[in-house]
Amino acid sequence: MSSTSPGVAAGPHAHRDDVGSRLGMWLFLFTELILFGGMFIVYAVYRFTHPEAFHLAAAELDTFVGTVNTIILLTSSLTVAMSITAIQEGRKTFALTLVGMTILLALAFLVNKYFEWGHKFDVGIYPGAPELLAQPQGVILYFGLYFVMTGLHALHVIIGMGVLIYDFEAIRRGTINATSFVRLESGALYWHLVDIIWIFLFPLFYLLH
Amino acid sequence: MDQHTRTPHAETPHKISYGTYVLIWFGLLVLTALTVSLAGIELGRWVIITALVIASVKSLLVLNMFMHLRFEERTFRVFALVALGTLLIFITLTFFDYAFH
């Protein structure tokens, strides 16, 4: 592919346009940015109008679990980024290992999230819980945002895992290979976006003392 | 399309070494440690500002290096700036509305 003329390469992939594919993926990521961005604005407004309640509520979150999940996601971003170099070098087994590690790290993130949420439910913190509704308005708003934003983020982690499993299978079958790997690049781009969203969620919810 | 044919290597994205990726990852971990330890210090109004600055630096590292933005064609960066600019306008207008009520 690289040796032939760009854009209109001859052969079985005559209509392939990798730059166009990546640009399409970026355009989709911008819609995700606006989706989460809107929620961050709602967060900013309620934090501004209920500063004390937000600080009180944030004390309920476990900074340690949040930090561990941050490290997990950053590491998963590293492994998926490295998998692209591996596939470019034609190292199929290494690429499979790296994508596999990314999927396992995503799973680890979700397991942590499961226990974190489970603990919150046990102490009566979930949307509509009587214990929570007895709290000040700002605390209710904080946890409403916490569940919606980290929940939507977790949904993205699940979708990202699905995409990466699909990419893993495509590498195994050879559909994704050293000369054609834009599908893996798109999957990786999506995964990095999930990481970036968490980079902002983490300090705004967990590090508010 | 014109720009496409003028950049002969557009089809083969820049290959980044494993070492560079590991270095970026290490930098991201250091910034995470920094933001966690700063959260324990009483910085008043600066808490949110330092947290957001660190998060922005981390995002720039991910965008430019992990997501290859700095090795893509200029169109990608223009698109990214338009998207971020749009979000920034939303944030600024909302802020002015609430700050000066």
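**View 1. Packing of helices H6 and H7 in chain A of the predicted model.** Helix H6 (residues 137-173) of chain A packs against helix H7 (residues 182-206) of chain A at about 160 degrees, and their axes lie 9 Å apart. That angle makes H6(A) roughly antiparallel to H7(A). Angles under 35 degrees count as roughly parallel, over 145 as roughly antiparallel, 65 to 115 as roughly perpendicular and the rest as oblique. Axes are lines fitted to C-alpha atoms, for helices over the stretch in contact; angles run from 0 to 180 degrees between N-to-C directions. The crossing of H6(A) past H7(A) is left-handed (near helix turned anticlockwise from the far one by less than a right angle; clockwise is right-handed). Their contact holds 21 nonpolar, 5 polar and 2 charged residues. Asp, Glu, Lys and Arg count as charged; Ala, Val, Leu, Ile, Met, Phe, Trp, Tyr, Cys and Pro as nonpolar; the others, Gly among them, as polar.

Local features need pLDDT of at least 70 and side-chain atom pairs 80 or more, while totals for chains, interfaces and linings use all residues. Residues are numbered from 1 along each chain as its sequence is written, chains are lettered from A in the order in which they are written, and side-chain values use heavy atoms, without hydrogens and water.

**View 2. Helices H2 and H6 of chain A.** H2(A) and H6(A) pack at about 55 degrees, with axes 8 Å apart. H2(A) is therefore oblique to H6(A). H2(A) passes H6(A) in a right-handed crossing. Chain A has 7 helices and 0 strands (DSSP runs numbered from the N terminus: helices H or I, at least four residues; strands E, at least two).

**View 3. The aromatic pair A:Phe121 and A:Phe147.** The whole structure holds 22 aromatic pairs over all chains. In this one, the ring centres are 5.9 Å apart and the planes 40 degrees apart, a tilted pair. Rings of Phe, Tyr and Trp (its six-membered ring) pair if their centres lie within 6.5 Å; planes under 30 degrees apart count as stacked, over 60 as edge-to-face and the rest as tilted. A:Phe121 sits in helix H4 (residues 92-122) of chain A and A:Phe147 in helix H6 of chain A, 26 residues apart.

**View 4. Helices of chain A and chain B at the largest pocket.** H1(A) gives the most to the lining, with 13 residues. Helices H2 (51-58) and H7 of chain A, and H3 (46-66) and H4 (74-99) of chain B, each supply at least two.
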